[in-house]
Every structure is written in structure tokens, then in C-alpha cells.
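Here is a short note to read beside the model. Please keep the sequence and the 3D view open while going through the points.

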Amino acid sequence: MRIPIRTIRKIRWFGFCLALISVFLLTTFKVNYIQASGWALSAMSCCIWIFDSYRSKHRPRMFMEMIYLICGIWGIINWL
């Protein structure tokens with residue numbers, strides 16, 4: 001099943017917006033639950049980019065995003 005390119009573009013923009021919101025939360029607030037939610041948004045954004053890079057067969061970017069996803073999960077655990 002192929003996903004239409006318009007849908008892929010919307011998913012990419014959604015991932016980008018999640019990344020921007022997570023950067024805002026991570027750099028502005030120092031409250032534990034807000035930091036954890038910033039890392040959670042970052043991890044969700046990484047999942048979107050992992051899907052996109054897997055779909056486009058861009059393996060180095062996929063592995064880089066997987067490492068960042070692992071760091072994001074560690075950030076969630078660290079701030080809870």
C-alpha cells in the first residue's frame with residue numbers, strides 16, 4: 001500500500017512542528033514534568049523521521065534518528 005505524497009508531506013511538517021515545540025519546552029522550562037514532556041515530543045518527532053527515512057531508504061539518517069530516539073527516551077526517564 002502506497003501512501004500519497006501529500007500525506008507524507010503533512011506527516012513531515014507535523015514531525016517538524018513537534019521538534020520545534022520540543023526544543024521550546026526543553027530550552028525554556030526547568031520543571032520536571034515539562035522537561036519530560038519536551039523529551040516525549042522529541043521522541044515522537046524522531047519516530048516520524050525514522051518512518052520517513054525508512055520509507056525513503058535513507059539508512060544513515062534512520063540510524064541517526066534511532067540514536068536520538070534512544071536519547072529522548074533516556075531524557076524522559078531521567079526527568080521523571
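1. Surface. The chain exposes about 5800 Å², and 74% of this comes from carbon and sulfur atoms. Accessible areas follow the Shrake-Rupley method with a 1.4 Å probe; for residues, only the protein chains shown count as cover.

2. Basis. This is a predicted model, in which local features need pLDDT of at least 70 and side-chain atom pairs count only at pLDDT 80 or more, while totals for chains, interfaces and linings use all residues. Residues are numbered from 1 along each chain as its sequence is written, and side-chain values use heavy atoms, with hydrogens and water left out.

3. Overall fold. The chain has 3 helices and 0 strands. Its elements run α-α-α from the N terminus. Helices (H or I, at least four residues) and strands (E, at least two) are DSSP runs, numbered from the N terminus. The C-alpha trace spans about 40 × 20 × 20 Å along its principal axes. Of the 80 residues, 31% count as buried. Buried means under 20% relative accessible area, exposed over 50%, and partly exposed in between (1.4 Å probe, protein chains only).

4. Contacts. A contact means heavy atoms within 4.5 Å. Take the contacts between residues at least 6 apart in sequence: 52% of them join residues at least 24 apart.

5. Helix α1. This helix covers residues 5-28. Its 24 residues should span 34 Å at 1.5 Å a residue, and the end C-alpha atoms are 35 Å apart, which agrees. The expected span is 1.5 Å times one less than the number of residues. The buried residues of α1 are Ile8, Gly15, Leu18, Ser22, Leu25 and Leu26. They pack against α2 (32-55).

6. Aromatic pairs. Rings of Phe, Tyr and Trp (its six-membered ring) pair if their centres lie within 6.5 Å; planes under 30 degrees apart count as stacked, over 60 as edge-to-face and the rest as tilted. The count comes to 2 aromatic pairs. Trp13 and Phe16 have ring centres 5.7 Å apart and planes at 85 degrees, so this pair is edge-to-face. The two residues are 3 apart in helix α1, so about one helical turn separates them. Phe24 and Phe29 also pair edge-to-face, at 6.0 Å centre to centre with 85 degrees between the planes. Phe24 is partly exposed at 48%, and Phe29 is partly exposed at 30%.

7. Nonpolar patch. Trp13, Phe16 and Leu20 make a nonpolar surface patch of about 360 Å². Patches use residues with over 30% relative accessible area and no salt bridge: like charges are joined within 9 Å, nonpolar side chains (Val, Leu, Ile, Met, Phe, Trp, Tyr) within 5 Å. Trp13 is exposed at 57%. Phe16 is partly exposed at 39%. Leu20, in helix α1, is partly exposed at 49%.

8. Salt bridges. How many salt bridges does the structure hold? It holds 2. A salt bridge is a side-chain nitrogen of Lys or Arg within 4 Å of a carboxyl oxygen of Asp or Glu. Arg12 and Asp52 form one (3.0 Å, N to O). This pair links distant parts of the chain: Arg12 sits in helix α1 and Asp52 in helix α2, 40 residues apart. Asp52 also bridges to Arg61, with the closest N and O atoms 2.7 Å apart. Shared partners join Arg12, Asp52 and Arg61 into one network. Asp52 is buried at 4%, whereas Arg12 is partly exposed at 32% and Arg61 is partly exposed at 25%.

9. Lys57. This residue is not a glycine, yet has a positive phi of about 60 degrees. Lys57 lies in the loop between α2 and α3 (59-79). Its relative accessibility is 65%, so Lys57 counts as exposed.
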